[in-house]
Amino acid sequence: MSLSAEDLHWAPGGVPILRGVTLRLPGRGVLGLVGPNGSGKSSLLRLMAGLRRGTGGAVLLDGQPMARMRRRDVARRLALVEQDAATASALSVREVVALGRPPRRGAWAPWSAADEAAVAAALARAGMQGRGDQPWATLSGGECQRVQIARALAQEPRELLLDEPTNHLDIRHQLELLRLLPHLGARVVVALHDLNQAAAFCDEIAVMQDGRLVAQGRPAQVLDAGLIRDVFGVEARIERSGAGLRIAFF
Amino acid sequence: MSLAAAMRRLPAGGLSLGLAPVLGAAAAILAVALAAALMLGDVRVGAADVAATLGNRLLGLSLPVDPIREGIIWHYRASRAVVAMACGAALAVCGVVLQALLRNPLAEPYLLGISAGASAGAVSVIVLAAGAGLLGVPAGALAGAALAFALVGLLAFGAGGGTERIILAGVAGSQLFNAATAFIVASSADAEQTRGILFWMLGSLGGVRWPDAALAVPVALAGLGLCLWRARALDAFAFGEDAAAALGVEVVRLRAGLLALTAVLTAAVVSLIGAVGFVGLVIPHAMRFLVGPSHGRLIPAAALAGAVFLTGADVLSRLVLPGQVLPVGVVTALFGAPAFALILWRSRGRR
Ligand SMILES: Nc1ncnc2c1ncn2[C@@H]1O[C@H](COP(=O)(O)OP(=O)(O)O)[C@@H](O)[C@H]1O
Ligand SMILES: [Mg+2]
């Protein structure tokens with residue numbers, strides 16, 4: 001059951017941004033969200049994280065409308081990593097990751113061994129072990145993304161929503177981050193730009209166009225020349241090799 | 001070594017000392033400031049007189065001490081020091097909370113125009129509803145503070161600016177409310193009824209007595225407790241309000257609640273000692289540098305340091321011009337204006 005959008009509409013100020021999206025997460029693994037700029041990927045992720053209220057339809061968490069849940073209960077279930085997190089606070093890496101713990105603690109509960117262990121485990125999973133004392137302001141773009149992912153993991157979520165985490169990363173760090181996704185111990189929804197990467201690293205792909213979900217399924221089923229032409233407006237040739245798939249653009 | 005070089009050598013992330021040594025040091029300095037507040041002034045008294053007075057008043061002893069001196073120490077200086085501590089702590093905590101919620105390093109009650117609004121509200125009650133009960137003046141100050149919040153928020157966000165513009169809106173609001181205060185005080189022309197334009201714009205602890213402490217201390221302690229209770233939610237604002245919401249904070253409810261709390265704290269302070277500026281600016285930044293940005297540490301540290309700062313500023317304001325009353329806000333501004341400049345200077349790299 002987990003997380004789903006059901007006929008979700010969003011029209012802030014009357015301008016329709018999402019026009020009836022129904023998206024159900026696969027039982028396990030990584031779901032890639034692809035689509036042109038402005039197709040509504042970020043909007044969908046924000047609504048599915050409960051940061052904005054839809055103007056129609058619903059976001060369900062285990063069949064419950066998220067709109068009726070307490071924010072704290074939502075934060076114990078799912079975590080969001082937004083594009084371009086920035087702060088003026090002089091926080092260390094450990095302090096940033098520790099921000100993920102309050103949903104799991106009482107207001108007066110002292111910092112516990114379990115909290116410490118969760119932060120250490122999250123840092124290790126995100127490949128940032130031993131970097132806890134480094135100031136956030138001194139991290140590279142890729143390290144910032146990893147620390148934000150570690151912060152999200154410290155919430156111990158069952159669903160993890162990532163908005164274009166590979167942005168601004170060089171190709172090696174992009175690949176490192178994408179390889180990390182299946183090992184985060186959560187169902188992952190990740191907005192991606194690169195169709196080849198989406199095909200290679202995602203168990204399922206959902207394609208957005210103009211506020212609608214136009215296809216969802218395994219990469220080999222969904223991605224074909226016709227859909228790429230319709231959605232992205234470019235000519236492409238699909239080369240299949242065994243289970244894999246490569247897209248060449250013209 | 002030049003000043004610029006010295007400042008460059010300051011660690012950008014601050015010192016992040018442990019909370020215990022900072023609280024310990026602040027408590028020791030607070031004790032010194034308190035002793036100074038009780039001993040220094042137009043009439044100097046010795047440590048023995050102070051000790052005897054405190055023994056008699058607090059422990060029920062009957063030590064020999066000149067009754068006039070005991071009266072000065074207990075009724076004038078002790079009450080004044082206690083109110084200074086409570087108001088300094090309240091203003092510093094307001095600064096911490098406003099800077100976190102508005103994500104603006106210059107946010108504090110005075111620069112946001114909240115203190116000016118509270119002054120205007122208090123003056124209105126005193127002049128227009130003469131003879132209002134004891135709660136009338138703080139209530140008027142609270143109404144003024146709430147009005148100032150509404151106006152400044154409307155100016156900042158209605159103009160499509162957001163949190164960067166809020167200080168500009170605060171300047172506009174301050175000017176407006178200060179003009180209203182000056183107009184009301186001047187037109188009432190009743191020196192008995194009003195405490196003067198200087199009091200409402202720069203503050204003074206001169207008229208403070210023990211009954212004032214009965215308002216200042218509970219309000220400051222309650223405000224401190226509530227802010228400590230929400231310390232982790234304030235931490236969650238480090239990456240913005242959407243990030244805070246994603247971390248389980250009910251952003252709208254928290255912000256409404258804490259902004260209302262800062263309005264109450266500011267109104268209580270202003271109704272007692274007038275509009276004292278810059279405590280909420282200097283102290284949070286200094287403490288963030290010393291103990292780091294985590295609010296569980298920052299809030300208690302700022303409360304203590306704010307108490308020390310305002311007590312010390314009050315002592316200075318009594319000593320600088322013998323026989324004259326220097327508004328305490330003049331002293332806090334002498335420290336605050338350079339701090340304002342330093343904050344601007346240090347934040348220039350981030351733009
Ligand atoms: N709060 C908002 N109010 C109005 N329009 C918005 C808002 N947020 C996003 N949009 C618009 O919605 C469209 C989709 O944006 P977005 O979800 O960021 O797309 P994507 O992430 O796929 O690039 C864009 O045209 C954007 O300008
Ligand atoms: Mg986007």
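Predicted model: local features only at pLDDT ≥ 70, side-chain atom pairs only at ≥ 80, totals over all residues.
Me: OK, which residues surround ligand 1?
Reply: The shell is made of A:W10, A:P12, A:I17, A:P36, A:N37, A:G38, A:S39, A:G40, A:K41, A:S42 and A:S43, where a residue is near a molecule if one of its heavy atoms lies within 4 Å of it. By class the shell residues divide into 4 nonpolar, 6 polar and 1 charged, with Ala, Val, Leu, Ile, Met, Phe, Trp, Tyr, Cys and Pro counted as nonpolar, Asp, Glu, Lys and Arg as charged, and the others, Gly among them, as polar.

Me: And which element gives the largest share of that shell?
Reply: Helix α1 (residues 41–48) of chain A does, with 3 residues; helices (H or I, at least four residues) and strands (E, at least two) are DSSP runs, numbered from the N terminus.

Me: Which polar atoms of the protein do the ligand's oxygens come up against?
Reply: An oxygen atom of ligand 1 is 2.5 Å from an N or O atom in the side chain of A:S43, and on the backbone side there is an oxygen 2.7 Å from a polar atom of A:G38 and one 3.3 Å from a polar atom of A:S39. A polar contact here is a pair of N or O atoms within 3.5 Å; within protein, one must be able to donate a hydrogen and the other to accept it, and residues adjacent in sequence count only if both atoms are side-chain atoms. The protein covers 56% of the 560 Å² of accessible area that ligand 1 has on its own, by the Shrake-Rupley method with a 1.4 Å probe; for residues, only the protein chains shown count as cover.

Me: Is A:S39 itself buried or exposed?
Reply: A:S39 counts as buried, at 2% relative accessibility, where buried means under 20% relative accessible area, exposed over 50% and partly exposed in between (1.4 Å probe, protein chains only). A:S39 sits in the loop between β3 (30–34) and α1 of chain A, and a polar atom of its side chain lies 2.7 Å from the backbone oxygen of A:P36.

Me: Switching to rings: how many aromatic pairs are there over all chains?
Reply: The count comes to 5, taking rings of Phe, Tyr and Trp (its six-membered ring) as paired if their centres lie within 6.5 Å, with planes under 30 degrees apart counted as stacked, over 60 as edge-to-face and the rest as tilted. One of them is A:W136 with B:F239, whose centres are 5.1 Å apart and whose planes are at 80°, so the pair is edge-to-face.

Me: Why does that pair join two chains?
Reply: Because A:W136 lies in the loop between α4 (113–125) and α5 (141–154) of chain A, and B:F239 in the loop between α10 (231–235) and α11 (241–246) of chain B. A:W136 is buried at 6% relative accessibility, and B:F239 is buried with a relative accessible area of 12%.

Me: What about B:F309 and B:F335?
Reply: Their ring centres are 5.8 Å apart with planes at 85°, so that pair is edge-to-face. The pair links distant parts of the chain, with B:F309 in helix α14 (residues 295–319) and B:F335 in helix α15 (residues 328–347) of chain B, 26 residues apart. B:F309 counts as buried at 14% relative accessibility, whereas B:F335 is partly exposed at 44%.

Me: Last topic, where do A:D7 and B:R103 lie, and what is phi there?
Reply: A:D7 lies in strand β1 (residues 3–10) of chain A and has phi near 45°, a positive value in a residue other than glycine. B:R103, in the loop between α4 (67–102) and α5 (114–128) of chain B, has phi near 50°, also positive. Most residues other than glycine have a negative phi. A:D7 is partly exposed at 42% relative accessibility, and B:R103 is partly exposed with a relative accessible area of 41%.

How values were computed: Residues numbered from 1 in each chain as written. Chains lettered and ligands numbered in written order. Heavy atoms only, no water.
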